[in-house]
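Hi,

Here is the structure I promised to pass on.

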Amino acid sequence: MAVTSTSEISLEELRLAGRNHALPLEALRHDITPVGLHYLLIHFDIPSVDAETWRLDIGGLVERPLALTLDELKARPSRTLAVTLECAGNGRALLAPRPISQPWLQEAVGTAEWTGTPLAPLLREAGLADGAREVVFTGLDRGVQGELEHDYARSLPVEEALRDEVLLAYAVNGQPLPPQHGFPLRLVVPGWYGMTHVKWLRSITVVDEPFRGWQQDVAYRLRESEDEQGRPVTRILPRSLMVPPGIPEFLSRSRLVTAGRCVLEGRAWSGHGAVERVEFSTDGGRSWADAVLGEPVSEFAWRGWTYRWDAEPGEHELCCRATDSAGNTQPASPEWNFDGFCNNAVQRVHVTVA
């Protein structure tokens, strides 16, 4: 992944931005994100899948390999979970120097209700053999990255794959998965960044050693340079985002707010624990006050918050930050890394109060 020291968006980034899309921040008002507003990151092409001939193969270090149709998966016990998904590259475009990839600002997030069958009973039915260490999930999407042609594939440690809430999802918000969200089947791993939720799933393979696929061993790692391997990206760091107040100027998206009482609202989430506190600042982070927290949408989804502000005429920089039950708090400024992952620095919104 290249790095640029300029602020100019490259043609390559524009192509990526045209294929993928972020959540309009005003859509944070929805507890459950409408499917068409949920963020999307598609690494390669959307596969064309015939549901009648598609099969999910479960094999590797198992005692009883399985090959399941979509109807057979739907006939199994199902569960519906509201889960907040966030791209690991969210915030990349705000880093300097900026890594050249999908140029996310802070809106690569969404919360949907995913319906599917839990993964753990299927793994137990297949029978994990002695020495099982990781579970590899492979999608039907194929392309070239890092000069290597490969299928998109990621792995989880066995203990993570056996969590009760990990789903093989075939529906979202009560409807069959649309092509862009992984039809006919995708993995949903609550609490982990979006690269883990493999779409267009075709196989699950149990292995006895760390998976060395490109998307696991090279991509999605926190590193300071291209020459080091770094640490793997896993669970979502805490983040809070506000619904932009007032009205926008078309091109700059700068905000104009009317003086007086202003009720600000937003959402906060973390993959490391429940959000226990959201703070708000109207002076660029020099001082903070607690926002009022609402109830979480679910154990694995964001929770709303509100803050009442008496807006006085002038220029203001609004900020919000979240703290989770594990004690993690958003930093004031980004922590740079070579690939632009996990930038959960506080959101800053400049407003003019008239």
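Below is what I found, grouped by region.

First, the ground rules: this is a predicted model, where local features need pLDDT of at least 70 and side-chain atom pairs count only at pLDDT 80 or more, while totals for chains, interfaces and linings use all residues. Residues are numbered from 1 along each chain as its sequence is written, and side-chain values use heavy atoms, with hydrogens and water left out.

L14 has 51% relative accessibility and so counts as exposed; the cut-offs are under 20% relative accessible area for buried, over 50% for exposed, and partly exposed in between, using a 1.4 Å probe and protein chains only. Together with I9 and L11, L14 makes up a nonpolar surface patch with about 290 Å² of accessible area. Patch members have over 30% relative accessible area and no salt bridge, with like charges joined within 9 Å and nonpolar side chains (Val, Leu, Ile, Met, Phe, Trp, Tyr) within 5 Å. The areas come from the Shrake-Rupley method with a 1.4 Å probe, and for residues only the protein chains shown count as cover.

Now the salt bridges, meaning a side-chain nitrogen of Lys or Arg within 4 Å of a carboxyl oxygen of Asp or Glu. The count comes to 19 by that rule. One of them joins E13 and R98, at 2.8 Å from N to O. With E13 in helix α1 and R98 in strand β5, the pair ties together parts that are 85 residues apart in sequence. Both E13 and R98 are buried.

E63 and R64 also form a salt bridge, at 3.3 Å from N to O. Here E63 is exposed at 55% relative accessible area, and R64 is partly exposed at 42%. Then there is D151 with R142, where the closest N and O atoms are 2.9 Å apart. D151 is partly exposed at 23% relative accessibility, as is R142 at 43%. Salt bridges with shared partners link R142, E149, D151 and R202 into one network.

On to the strands. What does β2 pair with? Strand β2 (residues 56-60) runs antiparallel to strand β3 (residues 66-68), with three bridges joining them; strands pair if DSSP finds at least two bridges between them. I58 has L66 as its bridge partner in β3, and five residues sit between the two strands of this hairpin. β2 also pairs with strand β12 (residues 201-207), this time in the parallel sense and over four bridges. There, G60 is partnered with V206.

Is N343 buried or exposed? Its relative accessibility is 3%, so N343 counts as buried. A polar atom of the N343 side chain lies 2.8 Å from the backbone oxygen of G91, and the N343 side chain also reaches the backbone nitrogen of A345 at 3.2 Å. (A polar contact is a pair of N or O atoms within 3.5 Å; within protein, one must be able to donate a hydrogen and the other to accept it, and residues adjacent in sequence count only if both atoms are side-chain atoms.) Leaving aside neighbours within four places in sequence, N343 is in contact (heavy atoms within 4.5 Å) with N90, G91, L94, L95, R239 and P334.

L94 sits in the loop between β4 (79-86) and β5 (98-99) and is partly exposed at 43%. Setting aside its neighbours within four places in sequence, L94 is in contact with W104, L105 and Q106 as well as N343.

Last stop, E165, in the loop between α4 (158-161) and β9 (167-172). E165 counts as buried, at 15% relative accessibility, and its side chain makes a polar contact of 2.7 Å with that of R163. Not counting residues up to four places away in sequence, E165 touches R79, L81, V188, P190 and F300.

Cheers
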